Every structure is written in structure tokens, then in C-alpha cells.
Amino acid sequence: MSGDDGDISNDAPLDVDSSIAPPLINCPNCDGLLPLGLGEKTCTLCDAVVSVDHEATRKEWMDERVACPSCSKVLVCGVDDRPATVACSSCANQFIINPKVVKVEISCPACERRLRLKPRPGSRQIICPACEESFKVTF
Ligand SMILES: [Zn+2]
Ligand SMILES: [Zn+2]
Ligand SMILES: [Zn+2]
């Protein structure tokens with residue numbers, strides 16, 4: 001290994017965030033939100049195992065361009081899954097492309113303020129930052 005540009009010695013894999021989010025898919029059994037991502041998913045609400053696939057997302061992931069976190073070279077990912085581990089063709093460092101976490105917008109039932117949150121399967125109690133109303137959200 002010859003470090004000819006700089007002396008970055010970082011053994012932990014670097015990571016970047018994907019900009020393509022997989023679709024939000026509901027469980028065909030209980031209609032709750034399935035864990036995000038493609039492949040075989042176990043519904044956290046009813047334990048059903050659902051095979052989730054989305055051709056268009058896989059194609060976009062395959063063709064997604066990401067900048068190498070160590071040398072900034074833009075690469076085509078070439079992997080149709082997230083997270084993906086790719087090796088930079090320029091600096092040979094490996095890095096991980098993390099799945100994008102989509103946020104959904106809901107409005108507070110009391111003051112109608114729009115709130116953005118990460119969807120998580122099941123119900124949870126949230127507190128509106130504007131009016132402090134507490135309400136339940138279910139995905
Ligand atoms: Zn379910
Ligand atoms: Zn690189
Ligand atoms: Zn509110």
C-alpha cells in the first residue's frame with residue numbers, strides 16, 4: 001500500500017447515504033408497515049414473512065452514482081441492494097452505501113402543523129413540538 005496522496009489511515013469502513021429510497025410497503029397480512037428495504041422481511045407486528053421486491057428500485061440502486069468518501073471520485077454503485085459494500089476503483093478503499101431513510105409527513109391533529117418523521121412499524125406516541133399535543137401515530 002502506498003499512500004501517495006495524504007495519510008488518511010482510517011480502518012473503519014467509510015459510508016455514504018444512498019439517495020434512492022425503497023418504497024414503503026405494507027404487510028399483506030396485517031396491513032402494518034413492513035421494515036424498510038427489499039428482500040425477505042419479517043413483519044414486526046404479526047411475524048409474517050413477506051418477500052418484498054421492487055424492480056425499479058433495484059435498477060436505480062444498480063445505476064446509482066455515489067462519490068467515494070475517501071477520494072471523491074464518482075462511481076456507479078453496481079449493486080442492487082442496500083446497504084451495499086463497494087470498492088472504489090480509484091483509491092481502492094471500500095465503503096458502505098447505506099439505505100436512505102424516507103421521512104413521511106403527517107399533520108398534528110390539534111394545530112395541523114406538518115411534522116416529518118421516520119416511519120417505523122407499529123404505533124407510537126409523539127408530541128407535537130409546536131403545541132405539545134400528544135398523539136398516536138400508526139404505520
Ligand atoms: Zn403484518
Ligand atoms: Zn476512492
Ligand atoms: Zn400541534
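In this predicted model, residues 24 or more positions apart supply 31% of the protein chain's contacts with a separation of 6 or more. Buried residues account for 12% of the 139 residues in the chain. The secondary structure consists of one helix and 11 strands, and along the sequence these elements follow the pattern β-β-β-α-β-β-β-β-β-β-β-β. The protein chain is more spread out than a compact globule, because its radius of gyration is 19 Å, well over the 14 Å that the globule rule gives for 139 residues. Along the principal axes, the C-alpha atoms fill a box of roughly 60 × 35 × 25 Å.

The division into domains comes next. Domain 1 covers residues 14-100, and domain 2 covers residues 103-139. Their C-alpha centres are 26 Å apart. Seven residues from domain 1 and four residues from domain 2 take part in the contact between them. On the domain 1 side, the touching residues comprise five nonpolar and two polar residues, with no charged residues.

Strands of a sheet pair through backbone hydrogen bonds, in either a parallel or an antiparallel sense. Three strands of the chain form an open sheet in the order S1-S7-S6, with mixed pairing. Strand S1 (14-17) and S6 are the edge strands, each pairing on one side only. Neighbouring strands of this sheet are turned by 30° against each other on average, direction ignored.

The two pairings in this sheet can be followed residue by residue. S1 and S7 pair in the parallel sense over four bridges, and Leu14 stands opposite Phe95 in S7. Strand S6 (residues 84-87) pairs with strand S7 (residues 94-98) in the antiparallel sense, again over four bridges. Here Ala84 has Ile97 in S7 as its bridge partner. S6 and S7 form a hairpin with six residues between the strands, where Ala92 takes a positive phi near 65°.

Some backbone details in the loops deserve a look of their own. Most residues other than glycine have a negative phi, and most peptide bonds are trans. Asp31, although not a glycine, has a positive phi of about 70°. Asp31 belongs to the loop between S1 and strand S2 (39-42). This residue counts as exposed because Asp31 has 11 C-beta neighbours inside 10 Å, where 12 or fewer is the cut-off for an exposed residue. Ser72 likewise has a positive phi of about 70° without being a glycine. Its place is in the loop between strand S4 (65-67) and S5. With 10 other C-beta atoms within 10 Å, Ser72 is exposed.

The peptide bond joining Arg82 and Pro83 is cis, with an omega of about -5°. Pro83 sits in the loop between strand S5 (74-76) and S6.

Finally, Ser51 gives an example from within a strand, being found in strand S3 (residues 49-52). Ser51 has 8 other C-beta atoms within 10 Å and is therefore exposed. Between Ser51 and Asp80, which are 29 residues apart along the chain, the C-alpha atoms are separated by 16 Å.

Key
Residues numbered from 1 in each chain as written. Chains lettered and ligands numbered in written order. Predicted model: local features only at pLDDT ≥ 70, side-chain atom pairs only at ≥ 80, totals over all residues. Rg over C-alpha atoms; globule rule 2.2 N^0.38 Å. Buried ≥ 20, exposed ≤ 12 C-beta atoms within 10 Å, placed from the backbone. Contact = placed C-beta atoms within 7 Å. Domains from an automatic or database assignment. Nonpolar A, V, L, I, M, F, W, Y, C, P; charged D, E, K, R; others polar. Pairing = 2+ DSSP bridges. Axes fitted to C-alpha atoms, helices over the stretch in contact; angles between N-to-C directions.
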